[in-house]
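I opened a new notebook page for a structure I had not looked at before. These entries follow the order in which I looked things up.

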Amino acid sequence: MAAEKEISITSYEEFLNEKKIMGTLCKECNHIDLPPRQICSKCLSTNVEWKELSQNGTIETFTNIHVSTTPFIQRGYDMKHPHYYAIVKLPEGPMISVQLVGFDPSKPETVEVGTPVTASFIPTKEGMLLAFEPTSKAEEAEKIAEDYKIKKVAVIGAGTMGAGIAQVVAESGVKVVVTDVADEFLQKGLNTIKKFVTRSVDKGKISQVQADAILGRIEGSLDLNAVKDADIVIEAAPENMNLKKKIFSDLDNICKPDAIIGTNTSSLSITEIASATKRPENVVGVHFFNPAPIMKLVELIRGYNTSDETYETVQAFVKKLGKTVVLVNEAPGFIVNRILAPMINEAIIALQEGVASAEGIDTAMKLGLNHPMGPLTLADFIGLDVVLDILNYLYEEFGDPKYKACSLLKKMVRAGQLGRKTRKGFYDYSK
Amino acid sequence: MGKLLRNVAVVGAGVSNFGNFPRKTNRELWVEAFLDAKNSVDNGIDQKDVEALFLGNYSSDLFEKQGHLAPLMADLVGLAPKAALKIEDACASSGVALRMGVLAIASGMYDVVCVGGTEKMNTLSTAEVTDVLASASDKHTEIFGGSTFPGLYAVIATAHMAKYGTTPEMLMAYSIKAHNNGALNPKAQMPLTVTEIMSRRIRRAKEKGISIPLWADEYEFLKSNYNPMIAYPLRLFDCSLITDGASCVFLAAEEVAKRYTDTPIWIIGSGQGSDTFALDDRTTMTSLKAARVASQQAYKMAGLGPQDIQIAEVHDCFSIAEIIAIEDLGFFEQGTGGKVTQEGRTALDGEMPINTSGGLKTKGHPVGATGVAQAVEIFKQLRGEAEKRQVPDVEIGLTHNVGGTGGTAVVHIYRR
């Protein structure tokens, strides 16, 4: 009970831990002090009592700080530079010094005095810290949370993609369980996430507290039954139709009736995978790109039976993860691989014909089109066997010779020169 | 109330060089300032005449891990076994020490005292200095809210801009003026005009072989990346310097002042005020109540008003601080500080020269030494000893020294 706590700065900070902004109300003159005072600052009466204050206010004045103090950083509050500091006026009258969150840190000139803001409590190892965010954003976040009641997510498979997706989900503040068939794979995946998150702390992108919170939301399991209370399941098992169908059939029996089951397949038919379940309307393709924590794109693929509701729920969920969604009607290779594979193939044909050297082709595509890497370097990165698989699949599905893999690519795959993973592809990585 | 029981004069005044001195501690800085002040006493002064030392220092304990500073400093200049005490009021430490010295003489307790200020700041990194300075603000609200000292003055600037239409260009005009004055002060930490700094940047770019910047004028330079944002809207050139330095004056009662000099500078007004500690508890953020209270006391004691002041050293720890100071002191109307600065009215040849020394911005801001260093500048100006930056025929001057964001302010008025 508020009335029982002594009037002190310690009590004030304990109330913040309960997400309450508590000041003192003077019973003589009705003046409110924040933080609390034992002596009313207006009439000097000692007849004061606790008063809970509104969590909405307006920006009285603000700044955007490029060098922070250690006590602030040590609280694990926010290590992004620059950060906003503001004085916020509450409707009851008092003002309070707080950090502002949810404004673009690089554009202070777009922030206006008088903007409505809402309290947002940030957990730190020394308790809650009070920050304020734009009221419009707070309402939006609340609406999303209400509309899409996604409290728990499951990821099947702790490989590169599975681990990356689990990390992205945990970073968005949602609990996630990752399952795999062998402890070895599971531990490897969880370690990858840990390393990635730790590196973000080292780089100053997030605080240790934030990192601990992210890792705390991730749970590993060898039992597929662990996904039974998940609202969304994302399967990230190897690209094998029979394996995926088996998993989907099992998931169909384990998952809640209204759970959505997504697959991270990069090329297989969503419609066919969905056919293994009794709920094809709840199945959707959710194609993340590697590395998932960094790559912004998610291709959202609609199978033949995917319902509007499923599609919209997953679309909102993926946006909440901070990704950009591109909507795709199921077709072989979706968008990225359908265009990428023939481009790489054409680059290999050009090399084969002696149009230019590998370096020449890559340089031309990099500088001519502003691609971050040339197509041959990219092929080495993806793995030539994977490129060949995609081309074969597209050729088989479309029957169009424009997807036919060129002979040099086939030859290199037969020779076991698959790119970076075998240390030799179009380039030599053995040194 | 509000009267000195006897008149008090400054009979000698000096400062150390201001700057970043890796080989100097507070000890050497202080001895340098003490000797400079001693040598300025026209008829000489002997240590045995001095009855007490009032020393302003903010945080030798945090900067240098040296506490109990007053007896140490007294000892080093031969003042032991006289009374020695340290006064800490953040950046107003030595301004308050000066006031304590004045009160001690006016009360009849002493005839001659030494008042000093000293701060060695360049022992720490900029980030650590930021921490030490921030400890002069409210830990539970301002610091946990993420602020810093530049941050607190930045919110004052944002409020002033929103309320009065003060512009970044007006802040830049302040900076250009401060550098013009500092360039004429041989003891300043950064005795360069903004134009000279621009030439240096161009020269350095040529030496490094990087692209040579082109600026049409100082304003373009001050809007460029060469003047990085510290706390929006304050940039590097809006902030005072991190400085090692010391300052010293000798005060004497009227009865003995003539022994030391024929041209004493009389302290005819002294005032000090305080305010709510945290900015967020104030009804206005575009004015410092403590400074208004202190100046009103000082004006009343001196029997003068703002119109009588001919020259002033004000606490320009940030550009916006000078702008609100010249409003709070009544030199210009509330809200017009930025505009009059841009119009050149506070320049060395303006109607109201402000911070002829270069101010905290270019002379430097060794926090505990600043208050007395301001008195040293007024002492020199009123005696016609300010060399290239001398304002002709000035008789009445004022110093305005602020601690924190105006939790403390102290104002003194001087007459030749």
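For the angles in these entries I take axes as lines fitted to C-alpha atoms, for helices over the stretch in contact, and angles run from 0 to 180 degrees between N-to-C directions. Before using them I noted that this is a predicted model, in which local features need pLDDT of at least 70 and side-chain atom pairs count only at pLDDT 80 or more, while totals for chains, interfaces and linings use all residues. Residues are numbered from 1 along each chain as its sequence is written, and chains are lettered from A and ligands numbered from 1 in the order in which they are written.

**Entry 1: a pair of helices in chain B**

I began with helix 1 (residues 26-40) of chain B and helix 3 (residues 69-76) of chain B, whose axes come within 10 Å and cross at roughly 55 degrees. My numbering of elements follows DSSP runs counted from the N terminus, helices being H or I with at least four residues and strands being E with at least two. Helix 1 of chain B and helix 3 of chain B are therefore oblique to each other; under the cut-offs I use, angles under 35 degrees count as roughly parallel, over 145 as roughly antiparallel, 65 to 115 as roughly perpendicular and the rest as oblique. I also recorded the crossing of helix 1 of chain B and helix 3 of chain B as right-handed, a label given when the near helix is turned clockwise from the far one by less than a right angle, with anticlockwise being left-handed.

Which residues make the contact? From helix 1 of chain B I listed Asn26(B), Arg27(B), Trp30(B) and Val31(B), and from helix 3 of chain B Leu69(B), Met73(B) and Leu76(B), where contact means that the C-beta atoms of two residues, placed from the backbone, lie within 7 Å. By class, the residues of this contact divide into five nonpolar, one polar and one charged, with Ala, Val, Leu, Ile, Met, Phe, Trp, Tyr, Cys and Pro counted as nonpolar, Asp, Glu, Lys and Arg as charged, and the others, Gly among them, as polar.

**Entry 2: the nine-stranded sheet of chain B**

Next I traced an open sheet of nine strands in chain B, with the order 3-2-4-7-1-8-11-10-9 and mixed pairing, two strands being paired if DSSP finds at least two bridges between them. Strand 3 (83-87) and strand 9 (311-313) of chain B stand at the edges with a single partner strand each, so one side of each is left without a neighbour in the sheet. Neighbouring strands of this sheet are turned by 25 degrees against each other on average, direction ignored.

**Entry 3: where the two chains meet**

I found 30 residues of chain B in contact with 28 residues of chain A. On the side of chain B that touches chain A, the elements giving two or more residues are helix 5 (126-134), helix 6 (139-143), helix 7 (149-164) and strand 5 (229-231) of chain B. Helix 7 of chain B gives the largest share of that side, six residues, and the residues of the side divide into 15 nonpolar, 10 polar and five charged.

**Entry 4: helices and strands of chain A**

In chain A I looked up helix 5 (residues 183-202) and helix 6 (residues 208-216), which pack at an angle of about 165 degrees with their axes 9 Å apart. Helix 5 of chain A and helix 6 of chain A are therefore roughly antiparallel to each other, and their crossing is right-handed.

Strand 7 of chain A is joined to strand 8 (residues 127-134) of chain A by eight bridges and the two run antiparallel; they form a hairpin with two residues between them. Within this pair, Thr124(A) stands opposite Gly127(A) in strand 8 of chain A.
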